[in-house]
Amino acid sequence: MANDRETYESSPAVVPKRSFIEQAERLKPVLLQRDEEARQNVEVVPDERAIHGWRAIAASSADTLAPQSFGKGDAVILDFGDHRVGYVSLDVKPVGSPPDAPLRLKLTFGEMPVEVAEPLANYNGWISSSWLQEETITVDVLPCRIEMPRRYSFRYLKLEVLDTSRKYRVAFDRVLCRTVTSADPAQVVPLVHADPLLTEIDRVSVRTLEDCMQDVFEDGPKRDRRLWLGDLRLQALANYETFRNYDLVKRCLYLFASVPDERGRVTSNLFIEPGIIADDTYFLDYSLFFTTALHDYFRASEDKATLQELWPTARRQAELALECLDERNIVMDREGWGAFIDWHPKLNKQASAHAVLIYALKRAVPLAELLGCESAPRFAERLKALEAAAMADLWDAERGFFVSGPERQVSWASQIWFVLAEVLPKEDSRLLMLRLLAERPQVGPTTPYMYHHLIEALLLTGLKEEAVSRMKAYWGGMIADGADTFWELYDPENKSFSPYGSYLINSYCHAWSCTPAYLIRHYRL
């Protein structure tokens, strides 16, 4: 199956549903805004013990910025004190003789110290360097107030004077970020926990979710700024426990339902501007997550009218997935409409995809029954057949694990998803998770996305102590390494890991990392 999240097919025909687009537009949120000033000036220094080899240390208060002046080759790094998403503005005035040449100014925005320390020109990854947050502007008339038109995601801002003239220097003042989000912090009940690390993990999780809640649930405000179904499912769960913005979830579900392909498939992600555009990337597991996300939304909101209107789209995802079975009733191991599951380059995804289909059907059946849909008995019958096939062909009793693909691979993902799908009796699932922790197959989780599913599988099998310990080690590890918001990628054994070829392009505020707030609150950890 497809091994990465950027594997594209030829674009299928999209069949827009105008009424759904109009409903989504009516649900578009008004963004909350707040002006945040830079807190201090910092130096970013080499430190081999710090992640990526760089650490920010306080240099002076931000109040000392205005009296300073800067000439050609000078630079200053401002620290806003926490992660920000918004629009930056600053005052610039000449110092000395009247300016007899334009100011050429470079602004570099970084979520992490490394992004304002290492030259972004050195980036050689395989996705576009245009995602790197770096701007060079020329200012003809001074003094002036510069208002950057682009939205940035950052904590650190580096100002570099590339050139003025020999006759004048420049000074900076009132450096502000007007932050934007559709999340209302007043709706969040503060977490009071006896464990201070869990309290901090919850706080950073909530902040991560807040900064990803814009016109839609973005996967990352730095990159890609898209609405991904896999991320949406997890963001929505965290949202129900925190901000409780049901309309934003509803809007996103309508957006996905509004642009299916000619067979009714829901795309894995959407572009929102200049209009709704369905990406030409299709994952079986992500399409099925439309069905599960609708199930979760209804359970949280009890909005039956939306359930009734979107159920045909949800039902269609299950029907299409059931067409992807081989003669054994096992999801086919194939290219094309593959599955994402996780970033691991060696992960065979057949077993995990099969378990996701079972997981989705177990949520589709009660919805179909509630709505009196004729699909209910058919889905229930197919569900039994899928579980039986899994035990007959994917369960290796001798090894005590589910296996995947022609090489009969044992991976963490396969075990986790079959536990989440509740194919085994609960006690057998608990023993399976204990074997997984003890034997530690080589093909393990590589992202917070899969770590979320690991933690939830442990909780579902009653292994609360192990779940909390691993949550604290993983998300607590990110905090120890300087996270203000949680990251797209974190491998404690290889902290420079990037599937894109460079950690400079990684997202350090990412939707699928926000779920500890859900896990802690929902499971009352």
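Author: A helix here is a DSSP run of H or I that holds at least four residues, numbered from the N terminus. In this predicted model, R440 lies in the loop between α10 (426–439) and α11 (448–460).

Reader: Why is R225 called partly exposed?

Author: The relative accessible area of R225 is 22%. Buried means under 20% and exposed means over 50%, with partly exposed in between. R225, at 22%, is therefore partly exposed.

Reader: Which peptide bond joins R223 to D224, cis or trans?

Author: The bond from R223 to D224 is cis, with omega near 20°. D224 lies in the loop between α2 (196–212) and β10 (227–228).

Reader: What makes the meeting of R151 and E218 a salt bridge?

Author: The side chains of R151 and E218 meet at 2.8 Å, N to O. The rule asks for a side-chain nitrogen of Lys or Arg within 4 Å of a carboxyl oxygen of Asp or Glu. The pair therefore qualifies as a salt bridge.

Reader: How many salt bridges are counted between domain 1 and domain 2?

Author: The count is four. The domain assignment gives domain 1 as 33–181 and domain 2 as 183–523. The area buried between them is about 2,800 Å², of which carbon and sulfur atoms give 53%.

Notes
Residues are numbered from 1 along each chain as its sequence is written. This is a predicted model: local features need pLDDT of at least 70, side-chain atom pairs count only at pLDDT 80 or more; totals for chains, interfaces and linings use all residues. Side-chain values use heavy atoms; hydrogens and water are left out. Helices (H or I, at least four residues) and strands (E, at least two) are DSSP runs, numbered from the N terminus. Buried means under 20% relative accessible area, exposed over 50%, partly exposed in between (1.4 Å probe, protein chains only). Domain bounds come from an automatic or database domain assignment. Buried area is the accessible area (1.4 Å probe) that two parts lose on being put together, summed over both.
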